[in-house]
Amino acid sequence: MTGSLLISTSLIALLGVALLVLARLEPGHPHISVWGWSHVLLALGLTLGVALAPPDITSAHYKAQATAATAAIIASLALQLAGAAHYGGRPWRWRIIAPLFGALLGFILALALVQQRYAVVAAAVVLTGGAWLAAAWLWKAGARGERFVAACFVASGLVHLSGPLLDPLARSSITHILGTYVQAVLAMALILLSVRRAHHETQQVNARLRQLHEQSMQGL
């Protein structure tokens, strides 16, 4: 189980790195790097919180590692939404939004002190809501590619919901196998979507330059 989880989280991290490499090639599109870091942090959170989680849930080691994993996953959610906002041209102000996600993190950690299962359910609901909000933002773009990515976000939310339903600590192999496939498809779709937008914008710039050149030649 641990080996398969590490393989799945490594795949998610590699796809995130692929997005970061693409972002260096297309520096004018900030949503690409934001989505890349979102996948890297998600892989880190799943590794610490599930794949390498200590067996004793009452130990200080487990609590510290679970706290780090929860922080990484909440940060991943924030970056996921930030990428969707940047892509759709929506305003995104970290000064206002960062405290909100900090409060969500504190709420989940406080529930963990009461009952671990409550924290798992709360985290699943928060992650599902974030994924579906990103889906709604991308769906409104109207194009086929954006709607496919939106459907992937909806599927990601359903996977998050399945975690506490199948296992009190969201350690079901079904959840993580489905999550691996969904996140892999989502990451590849984000890569293709970002490349398509960059190519489309390059074509628009070239068309403007061609028009300007023709007008200049006519003026001469």
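I take buried to mean under 20% relative accessible area, exposed over 50% and partly exposed in between, with a 1.4 Å probe and protein chains only.

**Ground rules.** I am working on a predicted model, where local features need pLDDT of at least 70, side-chain atom pairs count only at pLDDT 80 or more, and totals for chains, interfaces and linings use all residues. Residues are numbered from 1 along each chain as its sequence is written, and side-chain values use heavy atoms, with hydrogens and water left out.

**Ser194.** I looked this one up in helix α7 (helices are DSSP runs of H or I, at least four residues, numbered from the N terminus). Ser194 is buried, at 1% relative accessible area. A polar atom of its side chain sits 2.8 Å from the backbone oxygen of Leu190. Setting aside neighbours within four places in sequence, I find Ser194 in contact (heavy atoms within 4.5 Å) with Leu22, His31, Ile32 and Trp35.

Beyond four places in sequence, Val149 contacts Leu138, Leu186, Ala189, Leu190 and Leu193.

**α4 and α5.** How do these axes cross? They come within 6 Å, at roughly 155 degrees, using lines fitted to C-alpha atoms over the stretch in contact, with angles from 0 to 180 degrees between N-to-C directions. The pair is therefore roughly antiparallel, the label for angles over 145 degrees. Among the residues meeting here I noted Phe107 and Leu111 in α4, and Tyr118 and Val126 in α5.

Notes
Helix = DSSP H or I, 4+ residues; strand = E, 2+ residues; numbered from the N terminus. Parallel < 35°, antiparallel > 145°, perpendicular 65-115°, else oblique. Polar contact = N/O pair within 3.5 Å; in protein donor to acceptor, adjacent residues only side chain to side chain.
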